[in-house]
Amino acid sequence: MANKALQGIKEKADLVYKKILKKKAPELDLPLRSLSNVKYDEKEGYFQILGKKKERTLTVSTIKTFAQTLRMMGLSKQLIEQEDIASKREAYYISKNWKEAKFNAQPESDTVMDDVEAMLMVNREQIGFIPEEKGGEIAGQLIVIDKDTETKKDLRIDCTKFGSGAYSIPISVEHLKFETKAKFILAIETAGMFQRLVKHKYWKKANCILISMGGVPTRACRRFIRRLADSKKLPVYVFADGDPYGYGSIYRTLKVGSGNAAHINQYFCVPQAKFLGVTPQDIIDYKLPTHPLKDVDFKKIKDLLKNDPFIQHHKEWQKALKQMYQMKARAEQQSLAKWGLNYVIEKYLPAKIKNPDKFLP
Amino acid sequence: MAKDGPIAVELAKKQREIGVAEFFARNRHLLGFDNKRKALMTTIKEAVDNSLDACEEASVLPEIAVEIIDLGNDRFRVIVEDNGPGIVKKQIPHIFARLLYGSKFFKLSQSRGQQGIGISASVLYAQLTTGKPAKIKSRISPKHEAHYYELKVDTQKNKPDIMHEEVIEWNKDHGTRIELELEGSYQGGSQSVDQFLKQTAIVNPHSTIIYTNPKAEQLIFARATDTLPHKPVEIKPHPYGVELGVLIRMVKLTESRTLQSFLTTEFSRVGPGTAKDICENAALLPNTKPKEVTREMAEKLLQGITKTKIISPPTNCISPIGEELLEKGLRKEINAEFYCATTRPPAVYRGNPFVIEAGIAYGGEQEAEGSVKALRYANRVPLLYQQGACAITKSTVGTVWRNYGLSQSRGALPVGPATIVLSINSVWVPFTSESKEAIAHYPEIIKEIKLALQEVGRKLSIYVHKKKKIQMEGKKRDYLETYIPHVAEALKDLVGYKQADEEKVKELLGEILEQNRGKLEKIEINNPDYDEELAKIGKEPKEDNPEDKTEDKPNKEPTKEKEEKSNKEISGSKEPSKEDKQKTLG
């Protein structure tokens, strides 16, 4: 894999060099990383990248970014050759040696890094870069088999034995193996709800694996859930806030990937995921306390209906979003506490899980 | 109350006529003699103005010698000699030693002098400060004798007091020479004699001025052209400019038999048709005898005039400096990057035709900080004092310069590396006072000045924007040069080529990127007309006479109020479109 990335970098650089020798303005082809460059096919189950590209032609206005992109490719080449890694932040600091071509803030270097990754159509780990973001937490009926970094022997990690704590998903998950008898995976948006379910050992009662995503799931978290669900043929249920962000960003990204990572969605998606709640209908059925939708929420709903290929594919989601738009209200997971702190464990989840057919796709 | 009569009788003993010369002797600031420095400048200005007027009237290329001799104790001897037509013997005493005596007040044609006060006021001032008479020499042709006079002004009677007269030998065919001894103060700077003579020479390139300053240094402003300016034609007054008192006097003095012929013969632009219209509008019969016109009828006539549409006065009576000359003057004086000048079509205020000219010099060696400098001229005479009170300043302030690339705060002169030159030419330049230092605020004049400034402003903005674009382009090139090595170096790491190749890549990248950018224009000062020696004159030490400041202050404050008032009036009226302009011009 590493060699393929290295080869890619060299090929791209050679093209630039040859173009310059021909006295033509060199260009770098970058796949467009946005929702407008993905399509959704339910059979494939994820956002597939389309052919749209943006050309970074060398001109006065692009010369700085152009130089930075080449520099970033150079750094990546060096990392691969030396079998080293650098975090996004480290890469940003390395750029400080590039004099005028240095990055002024990390978001700039992150963007260029994402560009390089997309250009080579690889995952950033393959070109030597690692994310800092935390991957999510696991509790419940699962044994993760990892390897000891020194002895290279198998390490069995029992996720039932973290007490009130949890097992953290590592940044790289490709080498992990799993043992489980659980019936399903429950992916939870907020750390607060995860804590409640862990404390009351909901995983034991429902025989499941609990995963805290902590907002939009990281690539590692998505990949972990995907590999676990694929290898153990487990259904994945998502329990998120009942708001446009919970639907359109958190759930959608977990299930089919994102526009920004269009080139690697294939690996970082969980097509078998289903949306358990909180649905707009839940807000009515459970008489949940709500907050009024803000302007950004209305805008997000409109945007999802208009531009998101996933939403456009599923009538159920369109219906749900329109329903929320008309209700003008949203509800958080933890609003169930209105009916008692453990209402979610005793009534809501059991009732929901009895009818997986009613989950949103 | 009963004592009314006797007191009035008592008072009547003190009541008598005030001699005009006596009045001006007390109010000499009205004539520009408020302080010693200005007195010296004004004296020279009046003498030089007269010399230039006389030469031009006689179609002689002016050659004027000006000499100032420092006598110590703030006393100076001033000598101004010209090659003009000279003055007939009989008139010499009246012209130099009688106030309000002259030829120019009664005719309408463009000249420097207007009222017949200037030179006699200088004689009066000299006499008041040193007690010495004016010494005059004049000769009208080689066939005539040269006359020498020593003259004083009899202040009570406003009549010349001839101290001495004789016929002398003079090795000059024709010309006039005046010598005065007066109290004064000589300083360099923007309001100095030096500056005045230099600016005069710039806008009167047909004249040679030989100037010997009090340090006994001789400066020669040589003639730059042998062509005399187009000679202004004398015109009759235009009906729109006439006032009731004048009208009554004209009616009494006319030789015409009917009102209609009075109107057609005494005024410009009035033909039989217009005359009939005026009479009709005034409800007077065209065959009324002028001698029988009463005050009431004259008033009706004036109303009739205002009601009648009369075409604008002829404009061949104006001899503007001209765009070319104005620009050339700027080029001589200022080393800048950009010059332009414009001459407006003639316009009319109160029946008097006038022409506004404006020019601007931008950038180069001028200071970017501080207000723009303004050079003002009226009938080719530089105006050095009372800038704040002048309609030219008011109009400059009232023009929005930000659109033209100069910064400007509200109600202030624009700021930037620029010099504005403005010139008004008219058969009657309306000054705010007899010292002829500031132009009065006539709305028509202010409007025309603004239009002239807007014209040069638009040309300026094109240049300023071009300059900005070039500077931006320069920055872009710098930007390219900064990042090209980075591209080459990064590519070297990736492709693994040699050092020599890296240089080649840099070179190629430079070519590729500059290909689409075209040639970079340069901003430079290209001004062969610039005369460094000339520009220095009048700029010597950073003076600023404290006397002047105190002098200017009381003048400024009252005019400020006036300015604000009329500002409102102006802002209400819209800038006229081209059609409007043509209408006013007829």
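**Contacts, cores and the A–B interface**

In chain A, 74% of the contacts with a separation of 6 or more join residues 24 or more positions apart; a contact here is a pair of residues whose C-beta atoms, placed from the backbone, lie within 7 Å. This is a predicted model, in which local features need pLDDT of at least 70, side-chain atom pairs count only at pLDDT 80 or more, and totals for chains, interfaces and linings use all residues. Residues are numbered from 1 along each chain as its sequence is written, while chains are lettered from A in the order in which they are written.

Chain A has 13 helices and 17 strands, taken as DSSP runs (H or I, at least four residues, for helices; E, at least two, for strands) numbered from the N terminus. Of its 361 residues, 42% are buried, meaning that 20 or more other C-beta atoms lie within 10 Å of the residue's own.

Turning to the interface, 24 residues of chain A touch 18 residues of chain B. On the chain A side, α1 (2-21) and α2 (63-81) are the elements that give two or more residues, with α2(A) supplying the largest share, nine residues.

As for nonpolar cores (buried Ala, Val, Leu, Ile, Met, Phe, Trp, Tyr and Cys joined through C-beta atoms within 7 Å), the largest has 108 residues, and B:I44, B:F96 and B:V123 are among those touching the most other members. This core lies between domain 1 (20-221) and domain 3 (323-463) of chain B, because both give residues to it; the domain bounds come from an automatic or database assignment. Beyond its neighbours within four places in sequence, B:I44 contacts B:V66, B:V78, B:V80, B:V193 and B:F196. A second, separate core of 73 residues includes A:V144, A:L210, A:F224 and A:C269.

Technical notes:
Two residues are in contact if their C-beta atoms, placed from the backbone, lie within 7 Å. A residue is buried if 20 or more other C-beta atoms lie within 10 Å of its own, exposed if 12 or fewer, and partly exposed in between; C-beta atoms are placed from the backbone.
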